[in-house]
Every structure is written in structure tokens, then in C-alpha cells.
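Subject: Structure handover

Hello,

Here is the structure for you to look at. My notes follow below.

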Amino acid sequence: MKRYPHPTVLEFVRRQLGLGKRQVATFGSWEGFATLSSSEEGAFFTNAGYERVPSEIETARMAYLGDLQFEIMALWEEGRSDAVTFNLALEYLRAQRPRLLYIALDESDDWAHARRYDRLLDYINVFDAYLKTLWETVQSLDGYSGRTTLIVTTDHGRGITPTDWVEHDEGIEGSADIWIAVIGPDTPDRGEVAPYPTVHQADVAATLLRFFGLDPGAFNPEAGPPIPAALQADSAP
Ligand SMILES: [Zn+2]
């Protein structure tokens with residue numbers, strides 16, 4: 001898998017804030033999430049696909065999850081269970097205190113490809129509980145409580161008919177439709193924002209940078225703008 005030819009927003013934040021390599025981290029269920037996180041290998045901490053946490057920073061819980069990932073038979077062999085990825089990320093959050101953490105899950109896509117709508121709904125309930133746990137954990141930790149923003153989104157939509165809802169690709173209507181949810185101290189509680197001018201996946205990086213007080217224009221002038229609805233009115237562009 002090819003890497004981006006330009007620094008990603010994760011690399012940009014680390015460099016601009018002068019953070020250590022463990023202060024920015026990616027946890028992914030599919031190994032491709034490590035490659036697509038940065039333009040250079042080893043730019044910051046990644047743990048993706050079937051991978052253990054290095055022993056020098058491994059807690060007992062990380063070691064247990066590290067063993068478990070090889071026992072849980074995920075639906076497809078390409079990715080490990082999201083239960084492992086999420087709980088490793090949560091443990092890393094507590095132990096390493098990163099400033100920027102990217103958690104990339106993928107089981108909703110797997111169950112849909114398998115045409116298991118029943119399991120997809122079950123999984124969405126599991127994911128909802130992950131989100132609750134993540135938010136409650138953040139609010140329970142000094143340094144994060146009241147100072148942390150969660151940005152939740154999806155990398156693509158999928159078909160919208162009874163036949164093609166399992167797939168996503170160019171030419172399948174609905175594949176380009178995504179949603180973005182933002183919650184944190186700098187984001188007004190607007191509930192669902194609609195109708196609203198279309199925002200794009202390319203706008204997520206600039207939005208994230210605004211929460212760090214960094215200049216999106218210095219990152220990549222060709223990337224999208226910050227999403228105004230995610231920011232307080234007085235800090236909107
Ligand atoms: Zn897919």
C-alpha cells in the first residue's frame with residue numbers, strides 16, 4: 001500500500017506542537033490504517049492489523065488483548081476484532097496520554113459486506129457503547145476532562161437500495177454520503193445540523209487543526225476549510 005506523498009494532519013500536529021512520537025497515535029483494526037496515517041514510516045506510534053504493543057510500554061491489559069487478538073476469529077482475516085483495537089486504544093489513552101489519538105474501526109463495513117444486517121445493527125450497538133466509554137473515560141482523566149474534542153466520522157457511505165447497500169464504490173449511489181459528529185468544549189451543542197451547506201471529508205483536517213489552535217492554511221492550502229458549525233461562532237472563519 002502506498003503512502004501519501006505529503007505529511008498527513010497527524011504528522012503536521014506532531015511537528016507543529018513538538019510532540020514526542022508516542023503523543024500522536026493510530027490504532028486500527030486493518031493494517032492499512034497504519035500506512036495511511038503518515039507519509040513516513042515511524043512518524044509516530046501506530047498499532048494496526050494483528051500487532052502487539054511493544055513490550056517497553058505494554059501494560060498487563062495490553063498484553064492480554066495482544067494475546068486475545070490471535071484467538072478471536074474476526075469475520076474476515078484482513079482485520080482484527082474492533083474489540084481488541086478499541087480496548088487497546090483506550091488503555092493507551094490512560095497509560096500514554098496522547099494529545100491526538102486516531103482510532104480506526106472497521107467492523108460495521110465487514111458485517112455489511114457479509115450482508116448481515118442483523119449483525120450490523122448489533123455491532124452499531126457495540127460501537128455506541130465504545131463511544132460512551134471513550135467519552136466517559138476522557139471526562140474521568142485529569143488533563144483531558146473538559147479539554148478534549150471527539151470527532152467521529154466514516155470514510156465512506158454505501159449503497160442505498162435493498163440490493164446494493166452491502167457495497168460501496170464509484171457508481172453506487174450513496175457511497176459518497178458520510179456524516180461527521182463533533183463533541184467537545186469548543187463545539188456548540190447544536191444537535192443534528194440540517195439543512196446545512198455540504199461539508200466534506202477533506203474539511204476534517206482543518207477542523208481538527210482549529211481545535212489545536214493551528215493554522216489550516218499552513219498545513220495544506222488545497223485541503224478543505226474548517227467546518228463552521230463545529231466551532232464557536234466567535235472562532236468561525
Ligand atoms: Zn468496505
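At what angle do the axes of helix α3 and α4 cross? They cross at roughly 165°, and the axes come within 10 Å. Axes are lines fitted to C-alpha atoms, for helices over the stretch in contact, with angles from 0 to 180 degrees between N-to-C directions.

A word on the source. This is a predicted model: local features need pLDDT of at least 70, side-chain atom pairs count only at pLDDT 80 or more, and totals for chains, interfaces and linings use all residues. Numbering starts from 1 along each chain as its sequence is written.

Helix α3 covers residues 60-68, and α4 covers residues 82-96. Helices (H or I, at least four residues) and strands (E, at least two) are DSSP runs, numbered from the N terminus. α3 and α4 are therefore roughly antiparallel (angles over 145 degrees). In α3, Arg61, Met62, Leu65 and Leu68 meet Val84, Asn87, Leu88 and Glu91 in α4. Contact means C-beta atoms, placed from the backbone, within 7 Å.

Now the sheet. It is open, with 3 strands in the order β2-β1-β3 and parallel pairing. Two strands pair if DSSP finds at least two bridges between them. β2 (45-48) and β3 (100-104) are the edge strands, each pairing on one side only. β1 (residues 24-28) pairs with β3 over 5 bridges. Gly28 stands opposite Ala104 in β3.

Helix α1 (residues 9-17) lies across β1 and β3, at about 155° to β1. Helix α4 also packs on the sheet, touching β1, β2 and β3. Its direction makes about 160° with that of β1.

Best wishes

Definitions and conventions
Contact = placed C-beta atoms within 7 Å. Parallel < 35°, antiparallel > 145°, perpendicular 65-115°, else oblique.
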